[in-house]
Amino acid sequence: MTDLKRDNLFARPLGKTPKFVFDQAVVEVFPDMIQRSIPGYQTIINHSGELADRFVQTDSHCYDLGCSLGASTLAIRDRIEGRGATIYAVDNSAPMLDKCASILSSQPSSTTTKLINSDICEVQISNASLVVLNFTLQFVPLEQRSALISNIYHGLNPNGCLVISEKLHFEPEALNRLLNELHHQFKREQGYSDLEISQKRDSIEEVLVPETLGTHIERLQSCGFKTASPWFQCYNFGSLVAIK
Ligand code: GEK
């Protein structure tokens with residue numbers, strides 16, 4: 001999607017590891033970072049396009065919440081040309097959104113795409129046929145997650161679709177440890193050193209708070225979704241689809 005500058009942000013010893021933020025340094029290496037950190041990332045992005053093809057209704061709205069550099073927006077846009085839909089791509093990181101704007105404008109499309117620099121918890125959702133939360137809910141404070149999902153539910157049209165992709169927590173702890181170790185093995189195979197893996201883990205630990213599949217499904221059901229199911233999992237990363 002864009003130039004792949006290699007992620008080496010955690011390659012040198014950092015002393016006290018700073019809390020992870022989506023700043024300019026992260027933006028510059030983001031495509032490489034996310035591809036080498038999330039097993040199944042590209043499959044999930046591609047599938048967001050597939051779901052868009054199936055669910056996006058004429059003249060409706062699509063929301064890419066936590067859009068980063070617009071990978072999901074591009075996958076959706078590719079599949080809905082000519083439907084008169086509008087895509088709202090939302091992120092609260094200004095440097096992310098600036099770069100996203102330049103990537104999107106380099107790939108012309110007849111689908112109106114609006115970029116919104118906002119907290120996704122503050123966004124008004126309306127006339128929606130597809131809402132995508134690809135690896136973003138995990139960064140929202142736990143106490144705000146139900147209100148966000150409820151807001152999305154109320155803004156979706158009947159038969160509208162919500163996609164939630166997340167890092168997952170597992171119980172019991174032995175299973176959680178196994179799946180985390182398999183994830184770290186994946187990262188080593190992608191060229192990250194043990195130092196990079198452990199410093200990134202320390203940096204992101206309190207910023208990214210994963211929940212279990214059961215917690216996600218219970219929340220979706222209690223917010224009103226009639227159908228909610230995982231459709232993909234690789235180690236401790238997965239994606240769910242929920243239909244209103
Ligand atoms: C992709 N979906 O390529 N409001 C708005 N944006 C937020 C918030 C919030 N409360 N919290 C975090 N973000 C993308 C990848 S990355 C995932 C998503 C990752 C934004 C944050 O600025 C970042 O751009 C994005 O959510 C998370 O499929 O880096 O692991």
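## Loops, ligand shell and charge pairs in a predicted model

Pro-172 sits in the loop that runs between strand 5 (156-167) and helix 6 (173-189), where helices (H or I, at least four residues) and strands (E, at least two) are DSSP runs numbered from the N terminus. The structure is a predicted model, in which local features need pLDDT of at least 70 and side-chain atom pairs count only at pLDDT 80 or more, while totals for chains, interfaces and linings use all residues. Residues are numbered from 1 along each chain as its sequence is written, and side-chain values rest on heavy atoms, with hydrogens and water left out.

Most residues other than glycine have a negative phi, and most peptide bonds are trans. Against that background, Glu-171 and Pro-172 are joined by a cis peptide bond, with omega at about 5°. Ser-68, which is not a glycine, has a positive phi of about 50°. Ser-68 belongs to the loop between strand 1 (61-65) and helix 3, and with 13% relative accessibility it counts as buried; here buried means under 20% relative accessible area, exposed over 50%, and partly exposed in between (1.4 Å probe, protein chains only). Tyr-235 also has a positive phi, near 55°. Tyr-235 is located in the loop between strand 6 (227-234) and strand 7 (237-243), and at 31% relative accessibility Tyr-235 is partly exposed.

Ser-68 leads on to the ligand. There are 22 residues around the ligand, and those that come nearest are Tyr-41, Gly-66, Ser-68, Asp-91 and Asn-134; a residue is taken as near when one of its heavy atoms lies within 4 Å. Several polar contacts can be listed, each being a pair of N or O atoms within 3.5 Å (within protein, one must be able to donate a hydrogen and the other to accept it, and residues adjacent in sequence count only if both atoms are side-chain atoms). A side-chain N or O atom of Tyr-41 is 2.6 Å from an oxygen atom of the ligand. A polar backbone atom of Gly-66 lies 2.8 Å from a ligand nitrogen atom, and the side chain of Asp-119 places an N or O atom 3.1 Å from a nitrogen atom of the ligand. On its own the ligand has 660 Å² of accessible area, of which the protein covers 94%; such areas come from the Shrake-Rupley method with a 1.4 Å probe, and for residues only the protein chains shown count as cover. Helix 1, helix 2 (41-55) and helix 3 (71-79) are the elements that give two or more residues to the shell. By residue class, the shell holds eleven nonpolar, nine polar and two charged residues, with Ala, Val, Leu, Ile, Met, Phe, Trp, Tyr, Cys and Pro counted as nonpolar, Asp, Glu, Lys and Arg as charged, and the others, Gly among them, as polar.

Charge pairing comes next. Side chains of opposite charge can pair when their charged atoms come close. With a salt bridge defined as a side-chain nitrogen of Lys or Arg within 4 Å of a carboxyl oxygen of Asp or Glu, the count is ten. One of them pairs Lys-5 with Glu-28, the closest N and O atoms being 3.4 Å apart. This pair links distant parts of the chain, with Lys-5 in the segment before helix 1 (24-37) and Glu-28 in helix 1, 23 residues apart. Both ends are partly exposed, Lys-5 at 44% relative accessibility and Glu-28 at 33%.

Asp-32 and Arg-36 form another salt bridge, at 3.1 Å between the closest N and O atoms. Both residues lie in helix 1, four residues apart, about one turn of the helix. Asp-32 is buried, with a relative accessible area of 8%, and Arg-36 is buried at 7%. Arg-36 also has a side-chain polar atom 3.1 Å from the backbone oxygen of Asp-7. Arg-201 and Asp-202 meet in a salt bridge at 3.9 Å, N to O; Arg-201 is partly exposed at 39%, as is Asp-202 at 42%. Elsewhere, shared partners join Glu-50, Asp-53, Arg-54, Arg-79 and Arg-83 into one salt-bridge network.

Finally, the cysteines. The structure holds zero disulfides, a disulfide being a pair of cysteine sulfur atoms within 2.5 Å. For Cys-223, the closest cysteine sulfur is that of Cys-121, 12 Å away and therefore too far for a bond. Cys-223 is buried, at 13% relative accessible area, whereas Cys-234 is partly exposed at 23%.
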